[in-house]
Amino acid sequence: MALPIHRQFLGWDAPPLPAAAQALVELGLEYSPRGELDLARTLIVLPGSRASRLLLAELVRLADERGLLLSAPRLLTPGPLQDALLGLADRPRADALLRLSIWADAILRTDRATLAPLIAHPPDTHARAAEFARVLIRAHSELAGHGLRFRDAVDRLGAVPELPPDELPRWTIAAGVQERACATLGAMSLADPEWARLDALSRGACARAYDLVALVGIVDLPALPRRLLSANSARIVSLVAAPAGEAHRFDEFGCVSARAWATPVPGVRPSDDSIVFTGNPAEGAEHAVAAAIRCASRGLSVAIAAVDSGWITPMKRALERSAGPSAPVRVRSAAGVPIAHEPFFQFVSALSAHLIESGLESLRALLTHPDAADALARRAMLAADPLATLDRLTRREVAPELSDVARRHAELAPLIAELTRLRTDILRPQPFHRLASALLNAAIELARELWTERPRRWQEQVRVVVDALRAAIPAECDVAPVPPAEALALLVSEWRGLALPDEPDYAALGGEVPDEIEALGWLESALDPSEALVLAGVSEGRVPTPVPAHPLLTPAVRRALALPTDADLVARDRALLAQMLAPRREVVILAARRDAEGAPLWPSRLLLDDDGPTLAERVTRFVEPRADRGVPLVLTRSLKAGAADRFRIDPARPAAESDESVTSMRVTDFRLYLESPLRFYLARVLKVEEIVPGVRELDALAFGTLVHDALKGFSAGPDRASDRADQIAAALEREVRRLAGERYGTTRSPAVRVQIEFAAQRLRELADWQARRRAQGWEIIETEWSPRTPAALEVDGAPMTITGRIDRIDRGPDGQIAILDYKSGNEVQPPAETHLTKGNAPAWMDLQLPLYTVLARELLPPGAIPALGYIAVPRQRPADSEHLLLAGWGAKHIEDAIDAAREVVRRVRRREFTELGRPVRAEYQPIIAAYLGEKFLAQAATADSESGDDAVAEGGTEGGAS
Amino acid sequence: MSVPDRRSPVPSTVILASAGTGKTFQLTGRFIRLLAMGVPPGAILATTFTRKAAGEILGRVLTRLASAARDEKACDALAHAIELPLDRAHAARLLRAVIDELPRIAVMTIDAFFARLVAAYALELDLPPGWRIGDAVELGELVDRALLRCLDAMPEAVRADLLRELHEGGYGREIVPTLLKVRQDATTAWRESRGDEAVWSQIQALHAPMDRAQYERALGDLLEMPLAQTKAGKDHAGWVKARAKLLEVARSQDWPAVLKSTLIGAVLSGEYYKQAVPAAALSVLRAFGEHASAVLTARLAMRNRAYCRAAGEIDRAVAFEKLARGVVEFDDLPRRLLERPFEGDLDHLYYRLDARLEHVLLDEFQDTSLDQFALLKPLLEEILADQEATKSGLPRSVFVVGDVKQSLYQWRGASPEILGTLAQTLPGLGEPRTLSESWRSSAVVLDTVNRALTDVASNPALLDSDGRAGAGVEAGRRWDERFPQHVARKGLRGSAVLSVANSKAAPDLVAAAVHRASAIRARSEHASIAVLVRTRKLIPWLVRDLLAAGLDASQEGGNPLTDTPAVSAFVSMLHLADQPGDTAAWLHVSSTPWARALGVFSGTYSAHPSEARRASEAVRVGLACEGAAGLLGRLLRECAGETDVASLRRLEQLSQILDRAEAAGPRSARELVRFIRETPVEAPSAARVRVMTIHQSKGLEFDAVILPELGAGLGKLRGPMVVRDGARGPVRAVSLPGNAELRDWHEPLRAMYDSARAQEIGGELCVLYVALTRARHALEMIVPPDGATGKSTASSAAMILRYALAPDAGASPGAELWRHEDSDPIWTDEVEAPGDVGPSPVEVSPSQWAQASGVRAAVASPPSAHERSDGPEPILPSGSRLRGTAGHRLMELVEWLDAAQPEEREARDIVRALGLDDGQARELLDRWREWIADEQIRVTLSAHGCAERLASLARLTGAHLSLSLRREWMFATRDAQGRIIRGQIDRIVIARDAGGEVVAAEIVDYKTDPAPNTSVDGHGQTTYREWLQGRIETYRSQMDAYRRAASRVLRLAPERIGVRLLMLGAHPGERSVDV
Ligand code: SF4
C-alpha cells in the first residue's frame, strides 16, 4: 500500500541540486548491494533536461568519489511521468500526427448541423478540419491531465447554473467528436495517449515497479499524476527547493500551495539593484550576456533564465558581434534549436514542397538549396548548372508545366524525370509512417550522393537531422486517412516543430570547445545549480505564465472544472522566483520597455511585488527612462566602423569599367542613350541584365514579340496578299495561337491565357485595316528585314555600324515605299510624339524610324524618302480604325535626325556615360534602381515632385502599428 | 445632511480636443478618477489606435499614481485634476491595484480589443481557429496567389469579358496588375456597398444616344451649322477651324475628343471667342455633346459594374487563401465579428471576456472606421441605457475624446464624421465639450495656425482651377465649422516664417530645409527640430544632407533599411542567390565590399556568368548553413571597417530583422528581399533633428518644425467615389471618377466627384493642421516659387498658406514672404536643455569570461547505430520497427537459457500489449521460440557458457566467479573529455571474483534486422553475406562505445569486457557474433 509522501527540504543556502544528489545517494544506498549505487529501480522527476543532466553528473561524481558501481536511475520530466508510472511507455500510441488526422476526420464526419453550435462554420477540407482538431485536442489533453473526459465536463458543467445556456451544448458536441475519434483509434488497436491513461487508471493498472520515486524541485503536478503517485507502491520522496521554515507553503507532494504563495516571502524579493530595465530585447540581450560574463569573471558559475525565448538569438548575436567565432564562451539554448534551421531539414522540406507543388517555382526553390542542386545534378547527371538554365528560361516563359520544360529543355529533362519518379514513388495514398519513410529515404539517398565529398561537419549535421526525423516517424498502422499531398504537408509541418540540441559546431572549432552559458526555460531555472542567475525578459505576459486562452475553456469553465487558474500560476511563478533568488550569490533581472517591433511592454508583476515607495519608484523608473539610474552593460565591439562608407558607390564607375569601345549600335539604342547615357552604358557596354523572378504574365516585351511574330508569320505566309478581312483575321489568329501554343502551351498562369486571347483579338481588329490597305494597292514586300551587308553611319570619318530589323516594308500602288514598325503597347503614340520632345524647340528623343533610312539604304532609290511610321496594334480599336500612324517627315527632318544620331555616336565614342537622365522605374527594375542608389533617388524625387504624383496614402506602413 | 447630487459623478461625455490641449491628460485623469471611486481596473476599457499610444496612456496612469504616491505636491495636483480627495497612501493603493490587475487591464488598441473578442469566439466566426495576423510580405504573396486563383476559377468567356470591361472595352495587356489595382482601389467601396451591383450602377447615361441615321443627320447639321460672323459678315476663322476639327473627331467617333472640342465646351459656357453661340448652333452642338457623353457614360457604367464584380471575385479569392493559410488582417476582425451581431447579447460577451465592461474610454475617436463603430455602438448604447449604479456605486459611463481636425487616416477607412455626429447618434452622451487651449505651442505658432486655417472657405487657393467655388470651398466650409480659435495656455515665445525655395525641384526643397535647420541650430544647441514631409521619398536624402551640414539628424518612424547603401547591396546579393544569371545584381554586389567578403571576387566586374554564379552559390550556401543573419554577420566581420557608424548601425538592425523574419525557420531569398524592402525600421538615436512624415509626427511635439514639402496639389482621387445616405449611412452609389469633360456633361457624376474631392481635401487640411501644430516655438514653412505663369491656380497647402498669410506677395526664389509680427528669435532661450541621458554604459569584454566550475554538463550519447561510411542508413520497411521492439522485449525475458525457459505467458502478454494483430503475434512468437532454441543463442545466453567466456576474459580459468545479470542496464559515466555518457545496454553479465572484485563482463546486444530476401537473386541485390558483414561493421562503433562506457563504470580494462551481437535475423549458426 502507498506510503505517505516524504518531503525533504533542501534549504536556500546554496543552489539545491547538489544537495538533492547527496540526498538521493543516501536514499539509493538503502536499495543497493554493497559496493554499488543501484538506482535502476529509481525514478527521478525533474523540471528540465539540464537539471537531469546535471543531477546525473553529480550522481556519477558522487559514485566515483565513493568508488561505487553506479546503475543509473530513470530520469524524467513531469510530462512522461504518468506513462512511466502506468507502464504505458511501450504501447504503440497514436502519435500527434495520426491523432490530429483522426480528430480532423471525426470533425468532418460530424454533420454540419450538429456541429454548428460548436463550430459555426464547419470545415470542408481535411487541412481546415485539422485546425479545429488542434483546438479540441488542446482541451482534451489538459482535461485528461486532470482525469477528465469531455463527457465528465458535461456532467460537471451541468451542475453550474450561472453558465450561459449555450455552454453545455458546445461541450456535448465536443464530447461526441472526442468519443468518435478515440473509438477510431481503438479500432486500429492504437491508443490515444490521454485516453489510454484514463483507461489504465480505471483498470487500476500500475505496471512498472519502482523502489523509489523522487520528485526534485517539482512545483506543480496535475491531478492525474498525483493520483497515480498516491496509488503507487513505491516509496515517494519530494525534495523541495526551500528551507523547512517555509514548509507551510508547500503541499503534501512538495508542490506550491497557491494559497500560501499568494503573498511573497518577506526578504526574498528582487532588489532594486538586481533589476535592470532596458530599451528593447536586443539591448537587453546584450546586457544579459555581459552581466553573465561579469559574474563569471568574479568566479561565479552562471546561467541565464531566458524567460522570453525571443532573447536567445539576440544574445547569441551580441556575442558574435563582440567576439566573432572565436569567443571563449557561447550561449546555449537549453530548449534546443528549431530543426527548421538545419540545412538538411531545409532540403527535406524543399523536396516535399516541390513534390506537392511540382511547379517551376517550387523547382527553383528546391534547386536554390545547395545540397539539392548538387545531389540532383549528380543523380540526373546534369552538365550545366540547372539554376542558370532556369534563369534563361524565366526570361522567355511564364509558369510552364514541368513536363513542357522537360520537353523543351533537354538539359533539364533528366532532372525533371528524376523528380517525377520520386513524386510517383512518394506521393501516393499510403500511411503516414510509410510516407515519412519514403520521403526521408529519398532525402537520404540524395545525401549519400554527396556523402564522401562533403566535409565531416556536413555529415555530422545530416546525421543529427536524420536521427531526429527517424525518431519522429509516425507510429505504424495501415490506414492512409488523408489525400497524399495534404498528408505530406501535415507531416513536414509537424516535423518543423522539432528541436535539436544546441551544440556548438565542433568540427569548425577544431577541438577547441568553448564554454557555454546555458539559456534555460523559466520552469527549470529555479533548480539550476549556478551561483549566479541572469533572468532575461521578465515581462508581464511571460511571467507570471498566463493561462492560455481557449475558446472552450473559458475562465468560468476552468473554475467549474477546478483547472488551474491565473491565481495558481501566479503563486507557482512567485515561488519559482523566490527559489531563483534566495540561494544565489548574484541575480540580474532584465525587463525591456519595448518588444522587438517597438510595442510597449510592462515588467512582470512579480518584479513589483512591493508596496509603497519601492513600488512607486520602480514604476517611475520603468516608465520614465530618465529617472532610471541603472548602468547599462554592453559588450566590447570587435567590429568597428571605418571613416567612410565604401558601400556608397558611384554607379557611373562600376567595379571595372569596360574599355571595350562601341563599334555597333542598334537603331533602338539611340533612344536608350538619349534617355539615359548611364543606363545605356550598363545595358549595352557592360551588358548588364536584370531578372525579375516570379513572373505571372507576359511583360511588354514578351507580349509585343508574340504579336510581332504572329504578324511576321502572316506576312510571310500565303495570305499576305489577301484583301479579305475575314481571311486575314483567320490567318492572324491561327498564327498567334500556333505561336502561343508553342511558347506558352502549358502555362499554369491563367493571366497568360487571357493575354493570348487578347493578342488574338487585337490582331483580328487589325485585319480590317490590312484588308483595306491591300485593297488600296499596298503590298507587303519585306518582313523582318535586315540589310545583307551591315549598314554604317559615317561619323567624323569613321563608320559606326547600325544594326536592326525592320518589321515590315510595304510598296504602294505607285511604287512608294513605306517602312513600318509594329507597336503593340496599350496606347500607341504617333511617331512625332515618340521621337520628339514637346514644346517650341523640339529635340529628338528617339531616332529609330529616321535611322531605318540608313539601315534600308540598299533598298531605297537614291534620294528617295520613304514613308516612315507605325502600325498600331493597341488595346483599343483606334477611333477611326486607322492603324497606320505615319511620321510625315521630309528630307530636312530626316537629315536633322541623322545629325542627332551622329551626335549620339560622338558622345558614345567620347564615353560620355555618367549622366543618369531619366531613371528606371523602381518597381520594374528594383536591382538597377538600387545600384543607381542616391543618383536614382535624387532623380526620382525630382521627377515625382514635378509630376506632383505624391503618395497620398503616406503613412501606410506606420498605420498597422496597432 | 446634504442633498445627494443627482448627477452622476462621472457623466458620459465627448471631448473635442484640438492639438496640444491635453487630450491624454484628460483621458488618464478620467481613468484615475474611476479607479479612485472604486471601479475595478478590469472593468474599464480604454482604446486607442497604436500600441505606442496605448502604452503611453497606461504609462501616464502609472506615473501619475506613482508620483502622487511619492510626493505630496504631485498628489495634490492629481487630487485637483480628478476632483477628488486623495492622499499618498490612497494613491499607492490605487497603484498597487493597477499593477495587480495588469493582465486584465484593457488599455489597448481597438484592434487588440477586437482580437480579444475574436479569440473568445474563435469557433463561432468564419476565421481559421488558429489565426494569426499576417505580415505584409506573406499577405502580398497571398494576394498574388489569390488573383491567379480567381482568374483560374472564372469561366473563360466571363474572364475575358470582365477584363475587357476593366480595360474600358479594350484588350489591355496587363492582367494581374489590373486586378491588383482593382483590389487596392475598390475593395473598401465594394465591401461598403455589400457587393450590390445596383449600387455600382447608379451612374447611367442622361440621354439616349443617337442611332446611326440620326447621327448621320447630325453630322450634316454640323456642316451646315451657322457660325459666328466677323464684322465683315464672314464666318469667324476660329469657328471654322474648330468646326473642322470637331467634324473630324466626330466622324471618327473619338468621343473623348468630341467632348474636349472647344466648340462643345462652348455649349456649356454659352460663348466662344467671347461671342455668344448662335442659338441654332447651340442645339446642333448640344446634340453631339449629349451623344458623346451618353456613349462615354455607358462605358463608365460598364467599367463600374466590372469593378464591382472583379472586386467581389478577388475579395472572395483572397478570403479563401487567408482561410487556407490561417492568416488574417486586422481589418478582417471587425468584419467577421459583425457577421455575428452582439446586440442584445452583451452579457454573453462579458461572460466570454470574463469581464463586465462598466466604463469605456475611447481615444482618437476620429480614426474610428464604420465597421469598428458598428461593433462598438451596441456596447456604448447598452452602457448609456443602463444607468443603474454598479458595484462600485457608480453608474456606467462612456468617455470619448478626439479631434476631427486631426483625422489623418481616412484613406484607410477612418470616418471622422462618426465623431462629428456622435452627439446625435448617441444622445446619452450629451453635447460635446471643446478644448482649444493649447499647453504646447507659443502664441505666435497658434496665431499662425488661426490665421492660416480660419475662414478657409474664402481662401482663393481652394477655388477650382476654373475659378469656381467647388469641392475645395465645400471642404473649407466644413472645416470652418469645426475650427475653434486656438489659445495659448503658456506664454512661450515663438516665431513663424513663410519663405520660398529656389525652385520646386526636390534638391532645392531639401536645401532650403537644411538651411533653415542650420540657422536654428546655430542659435540653439538643444532645440528639437523636426523636418516634416508628406512622402517618404525625401527622407533619406534630407537626412544625408542634414548630416553633411554637420547636424545631428536621424530619420524617424521608419524607412525600410534599403535606404542604406550597404543594405541595398545586401538585398542585391540575396537576389543574386536565387538568380545567378542576374548580372545587374552581380554588378551591384561587385561594386561593394560584399563581393570581396564573399571570397569569390576577382576584383574586376565581368559580365561573364561564371563569377556571378560562384558568388550566387556562395550566398546560397551561406543562407542554408548560417541563415541570413549569420551570413550577414560573417561577411560583416570581413568588411565592417568599410562602413561608417550610421551604416553599421543600420546593418545591425538588418541583422535583427533578419533574425525576426527567420525565427520560425529560414525563408527563401525572395521572401527575404521582399521583407527587407517592405519592413520599416526606425533608426533610433538621440538626434535633435528628426526627419519624418507628417503622419508619423502625430502625437509628437518639437521646438521647431520645418515644412519643406507644401507644394503638392490637393484633392487627387484614388479609386471609386462613394456616396452615402447622410454622413455615415449605407452606400447609395459608387462610381469611378470618369474624366473631367464627361463630368461637365453629367451633373450627378460631377456632384459625386465634388463631394469625394471635398472629402479628400478635408483630409489634406487635417494633414496641414497636424503639421503646423507640432511646433512649440517656431514654424518654418517653405513654399515653391511661382512658375513662369505667375501664381499657381492649383490648390496646395503652399497656396493656402500664401493666400492666408501673405496674399499679395509674389513668390520669387529664395524670398521671405511673411514673418509673424511677434516673431521673437530668442525663443531659443526657452528651450530646455535635454536632461542628462542617464549613466553611460559599461563595457564588458567576452575575454573576461573565466570558466566557472561545476556547471557544465555536456552529455554525449553513444554513436547511433545508423552511421555508415557512406551516409545514413535508409529507413527499414514498415512493420520492422514494431517487430524490432517486440523482438527485444521478448529476448529480455530470457535470464539463463540453461536454467529455465522463459514463460510463454509473459511473452504472449508482451506481444498483446504491443498491439500486434493475431497473425503478426503468432509469427513473432514462433520466431522467438526458434531463437531460444537456436544452439548458438542457447550457448550465448547460458550461465554455463557465459561463465566460461568470462573466466577466459578474466584470465581466471577454473576460478569460481559469481555472475550478476542485468537486463536493460542503464549506465552513466564520464568520457575522457569529462562529458557524461549515458545509455542502455540490452544485457550485461558482471563477473566478480571471490573477493567481490569485478574481474570481467560481457555485453550482449540484440539486433533484429531482417536478412535480405535471398531467394530473389536479383542483380544488384545485396547478397546475404554482404549484408551480414555490413551490419556487423555498422554496429561495431556502437559496441566499442558500450565497451568503453562499461569499462569506466566497472573500472575494468576494456579487454576484460566481451561484446556479443545476437543477430536474430541471420541464418542459424551465424547469429552470435563476437565483436
Ligand atoms: S497506417 Fe498510417 S495513417 Fe494509419 S495510423 Fe498508421 S501511420 Fe497513421
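This is a predicted model: local features need pLDDT of at least 70, side-chain atom pairs count only at pLDDT 80 or more; totals for chains, interfaces and linings use all residues.
Residues are numbered from 1 along each chain as its sequence is written, and chains are lettered from A and ligands numbered from 1 in the order in which they are written. Local features need pLDDT of at least 70 and side-chain atom pairs count only at pLDDT 80 or more, whereas totals for chains, interfaces and linings use all residues, and side-chain values use heavy atoms, with hydrogens and water left out.

Strand β9 of chain B, residues 397–402, is mostly covered, 6 of its 6 residues being buried, where buried means under 20% relative accessible area, exposed over 50%, and partly exposed in between (1.4 Å probe, protein chains only). In a regular strand the side chains alternate between the two faces of the sheet. From β9(B), B:S397, B:F399 and B:V401 point one way, while B:V398, B:V400 and B:G402 point the other way. Strand β8 (residues 359–362) of chain B runs parallel to β9(B) and is joined to it by 4 bridges; two strands are taken to pair if DSSP finds at least two bridges between them. Strand β1 (residues 13–17) of chain B is likewise parallel to β9(B), with 4 bridges, and here B:I15 has B:V401 as its bridge partner.

Pairing of strands also occurs between the chains: strand β16 (residues 633–635) of chain A and strand β24 (residues 842–844) of chain B pair in the parallel sense over 3 bridges, with B:V844 as the bridge partner of A:L635. Between them, chain A and chain B bury about 17400 Å², 59% of it on carbon and sulfur atoms, buried area being the accessible area (1.4 Å probe) that two parts lose on being put together, summed over both. The contact (heavy atoms within 4.5 Å) takes 206 residues from chain A and 199 residues from chain B. Across this interface the rule finds 13 salt bridges, each a side-chain nitrogen of Lys or Arg within 4 Å of a carboxyl oxygen of Asp or Glu; B:E652 forms a salt bridge with A:R321, the closest N and O atoms being 3.9 Å apart. On the side of chain A that touches chain B, the largest share, 13 residues, comes from helix α35 (residues 926–947) of chain A.

In chain B, B:S568 is placed in helix α23 (residues 565–578) and counts as buried because its relative accessibility is 7%. Leaving aside neighbours within four places in sequence, B:S568 is in contact with A:A930, B:T562 and B:H588. B:R596, in helix α25 (residues 593–598) of chain B, counts as partly exposed because its relative accessibility is 45%. With the same exclusion of neighbours within four places in sequence, B:R596 is in contact with B:F601, B:E638, B:C639 and B:E642.

Helix α9 (residues 193–203) of chain A is mostly covered, with 8 of its 11 residues buried, among them A:W195, A:R197 and A:L201. What covers the buried residues of α9(A) includes α3 (78–86), α4 (96–109), α6 (126–145), α8 (167–187) and α10 (223–231) of chain A.

Conventions: Helices (H or I, at least four residues) and strands (E, at least two) are DSSP runs, numbered from the N terminus.
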